[in-house]
Structure formats: structure tokens, C-alpha cells
Amino acid sequence: MKLESNAVIQIQKPIEEVFEGIVNPEKMTRYFISESSGRLESNKEVIWKFPEFEEKYPVKVIKIVQDRSISFVWDPDTVVMITLEALPNDNTIVRVNENGKELSDENLKWALENSGGWANFLACMKAYLEYGIQLRKGAFDFMRK
């Protein structure tokens with residue numbers, strides 16, 4: 001059995017703005033990561049850094065479909081798929097699915113933590129794109145080593 005991590009949210013912005021908020025490092029660093037080595041593009045690797053960790057994380061982009069989906073690998077056992085769906089009145093549904101780990105106690109803990117992590121990502125993106133608020137700023141400073 002493969003485990004999955006899932007999260008979904010509706011953002012009150014057009015699909016083009018939401019897509020750009022994910023692939024553009026200038027926007028992503030305002031609500032999720034602290035550094036990125038570049039824009040997310042199909043078959044490209046970028047490096048992400050989070051404000052609360054010293055480590056840097058390679059992100060291997062699998063495929064980008066303009067204004068529709070982003071898939072990447074940052075854990076060798078999983079694939080992250082972010083899909084966008086346009087709704088009336090310039091609203092967008094964003095779904096995140098990360099899957100691939102086999103069922104085990106350790107991986108079950110991973111699935112639960114990552115579902116919460118992706119929900120946090122979506123809430124931070126919504127706050128930033130809709131209101132310009134940086135929810136993540138300082139939120140995880142207690143995790144620094």
C-alpha cells in the first residue's frame with residue numbers, strides 16, 4: 001500500500017496568478033521558502049532553502065503545465081503533484097498530493113506530518129496572494145537548531 005499526503009484550498013485569485021505564485025521564486029520566497037536557485041520549469045532542478053533549517057533541498061521538477069499543474073521530487077521516495085482548477089469569479093482550487101511511500105509506522109507519521117505541512121503551504125499561499133500577509137514569517141523559528 002502506498003501512502004499519500006493531501007491538502008486542498010480555494011484561493012480568491014485567477015488561476016494565472018496562483019500558478020505564478022508557485023513557480024516564481026520571487027513570490028514563493030514571500031510565503032514559503034527563504035531562497036530558491038531559480039524558477040520552476042519542466043526537467044529543471046532548483047535548490048530551496050527554508051528559513052527554519054540550515055539545509056538546502058534539491059527539487060527536481062518533472063513537468064510543468066502552464067496554469068494547470070506542477071510536479072516535482074524532493075524526497076526520492078515521493079512525487080509531489082500540485083494541480084490547479086479555475087472556478088468562476090477568478091477563484092482557483094489548489095490541490096497538493098504527495099505519494100509514493102510504502103506503509104510503515106515511520107511512513108505513516110510522514111504522511112500525517114506532510115498533510116499538515118501542505119495545508120500550511122496552502123494557507124500561507126492564500127494569505128500572501130489574497131492579502132499580502134506572510135503567515136510563515138517567524139512561525140517555525142523554534143525549530144532552528
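The expected span of a helix is 1.5 Å multiplied by one less than its number of residues. All views below show a predicted model.

**Figure 1. Span and end of helix H3.** Helix H3 covers residues 105-131. Its 27 residues reach 39 Å from the first C-alpha to the last, close to the expected 39 Å at 1.5 Å a residue. Gly 132 follows the helix and has a positive phi, near 75°. Helix H3 also takes part in the largest pocket, where it supplies 6 residues, the largest share of the lining.

**Figure 2. The largest pocket and its lining.** The space in this pocket is about 560 Å³. The lining is made up of 17 residues, and those nearest the centre of the pocket are Phe 50, Phe 53, Trp 74, Asn 114 and Gly 117. Sorted by class, the lining comprises 9 nonpolar, 3 polar and 5 charged residues.

**Figure 3. Asn 114 and its contacts.** Asn 114, one of the residues nearest the centre of the largest pocket, belongs to helix H3. When neighbours within four places in sequence are left aside, Asn 114 is in contact with Ser 5 and Glu 98. With Glu 98 there is a polar contact, side chain to side chain, at 3.0 Å.

**Figure 4. The second largest pocket.** About 180 Å³ of space lies in this pocket. It is lined by 16 residues, with Pro 51, Gln 134, Arg 136, Lys 137 and Gly 138 closest to its centre. The lining divides into 6 nonpolar, 4 polar and 6 charged residues.

**Figure 5. The largest cavity.** The model contains 1 cavity of 30 Å³ or more, and the space in the largest cavity is about 30 Å³. Its lining consists of Ile 22, Val 23, Asn 24, Pro 25, Met 28, Ile 33, Ser 36, Gly 38, Leu 40 and Trp 48. At least two of the lining residues come from each of helix H1 (15-23) and helix H2 (25-28). By class, 7 of the lining residues are nonpolar and 3 are polar, with no charged residue.

**Figure 6. Ile 9 in strand S1.** Strand S1 spans residues 2-11 and includes Ile 9. Ile 9 counts as partly exposed because its relative accessible area, 21%, falls between the limits of 20% and 50%. Beyond neighbours within four places in sequence, Ile 9 is in contact with Thr 92, Ile 93 and Val 94, and also with Leu 122, Ala 123 and Lys 126. The C-alpha atoms of Ile 9 and Met 125 are 9.8 Å apart, although 116 residues separate the two in sequence.

**Figure 7. Ser 42 between strands S2 and S3.** Ser 42 is located in the loop that runs between strand S2 (35-36) and strand S3 (45-49). Its relative accessibility of 34% places Ser 42 in the partly exposed class. Apart from neighbours within four places in sequence, Ser 42 has contacts with Val 61, Ile 62, Lys 63 and Ile 64. With Ile 64, the side chain of Ser 42 reaches the backbone nitrogen at 2.7 Å. Phe 72 lies 30 residues from Ser 42 along the chain, with a C-alpha separation of 8.9 Å.

**Figure 8. Positive phi at Asp 67 and Asp 90.** Most residues other than glycine have a negative phi. Asp 67 counts as buried because its relative accessibility is 16%, and the buried class lies under 20%. Asp 90 likewise has a positive phi, about 60°, and is not a glycine. The loop that holds Asp 90 lies between strand S6 (79-87) and strand S7 (91-102). Asp 90 is partly exposed, its relative accessible area being 49%.

Technical notes:
Residues are numbered from 1 along each chain as its sequence is written. This is a predicted model: local features need pLDDT of at least 70, side-chain atom pairs count only at pLDDT 80 or more; totals for chains, interfaces and linings use all residues. Side-chain values use heavy atoms; hydrogens and water are left out. On a 1 Å grid over the protein atoms alone, a cavity is a set of points where a 1.4 Å probe fits but cannot get out, and a pocket is an open set with protein on both sides within 12 Å along at least five of seven lines; lining residues have an atom within 4 Å of a point. Grid points are joined across faces, edges and corners, and a volume is the space filled by probe spheres set on the points. Helices (H or I, at least four residues) and strands (E, at least two) are DSSP runs, numbered from the N terminus. Ala, Val, Leu, Ile, Met, Phe, Trp, Tyr, Cys and Pro count as nonpolar, Asp, Glu, Lys and Arg as charged, and the others, Gly among them, as polar. A polar contact is a pair of N or O atoms within 3.5 Å; within protein, one must be able to donate a hydrogen and the other to accept it, and residues adjacent in sequence count only if both atoms are side-chain atoms. Contact means heavy atoms within 4.5 Å. Buried means under 20% relative accessible area, exposed over 50%, partly exposed in between (1.4 Å probe, protein chains only).
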